[in-house]
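Please read the points below alongside the sequence and the structure. They are meant for someone who has not seen this structure before.

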Amino acid sequence: MIQKIRTWARKLKKKIFLLYFAYQDRRTPWYAKIFAVCVVAYAFSPIDLIPDFIPVLGYLDDVILIPLGIAIALRMIPESVIREYEAIAEERLKKGKPRNWFAGSLILLVWIVAIIWMICLVYRH
């Protein structure tokens with residue numbers, strides 16, 4: 001069971017790297033590029049939209065949102081682009097996961113705005 005989960009996680013990481021390279025290709029449609037950039041940025045972000053310490057919900061994004069985003073993005077990208085970058089993605093996967101501090105900063109900003117908004121609501125009532 002654990003080995004199946006590790007294999008699944010490795011395949012997901014490979015697909016994230018594939019999206020990373022595919023969104024830079026000129027043959028990828030503009031709408032697919034935008035969606036792929038969002039998925040890749042969120043996957044590489046050091047900060048989650050839903051923090052992992054929140055029971056059950058914390059891992060929901062890792063288990064549902066990221067795989068769903070990958071699946072949708074891959075359907076938007078031409079098959080020839082996907083085939084071309086599969087080997088490159090496998091090679092990049094061996095080097096480790098990069099961090100996207102810009103996306104992490106944006107998610108942190110969303111949380112700060114949400115907390116300030118909640119404080120304002122509580123203060124008014």
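1. E84 is partly exposed, with a relative accessible area of 40% (buried means under 20%, exposed over 50%, partly exposed in between, using a 1.4 Å probe and protein chains only). The side chain of E84 forms a salt bridge with that of R27, at 2.4 Å from N to O (a salt bridge is a side-chain nitrogen of Lys or Arg within 4 Å of a carboxyl oxygen of Asp or Glu). This pair links distant parts of the chain, since E84 sits in helix α4 and R27 in the loop between α1 and α2, 57 residues apart.

2. The model is predicted; local features need pLDDT of at least 70, side-chain atom pairs count only at pLDDT 80 or more, and totals for chains, interfaces and linings use all residues. Residues are numbered from 1 along each chain as its sequence is written, and side-chain values use heavy atoms, leaving out hydrogens and water. The average pLDDT (the predictor's confidence in each residue, from 0 to 100) is 81, and 86% of the residues score at least 70.

3. R27 also meets D25 in a salt bridge, at 3.0 Å from N to O. D25 is buried at 7% relative accessibility, while R27 is partly exposed at 33%. Shared partners join D25, R27 and E84 into one network of salt bridges.

4. How many salt bridges does the structure hold? There are 3. One of them pairs E90 with K14, the closest N and O atoms being 3.8 Å apart. E90 lies in helix α4 and K14 in helix α1, so the pair ties together parts 76 residues apart in sequence.

Definitions and conventions:
Helix = DSSP H or I, 4+ residues; strand = E, 2+ residues; numbered from the N terminus.
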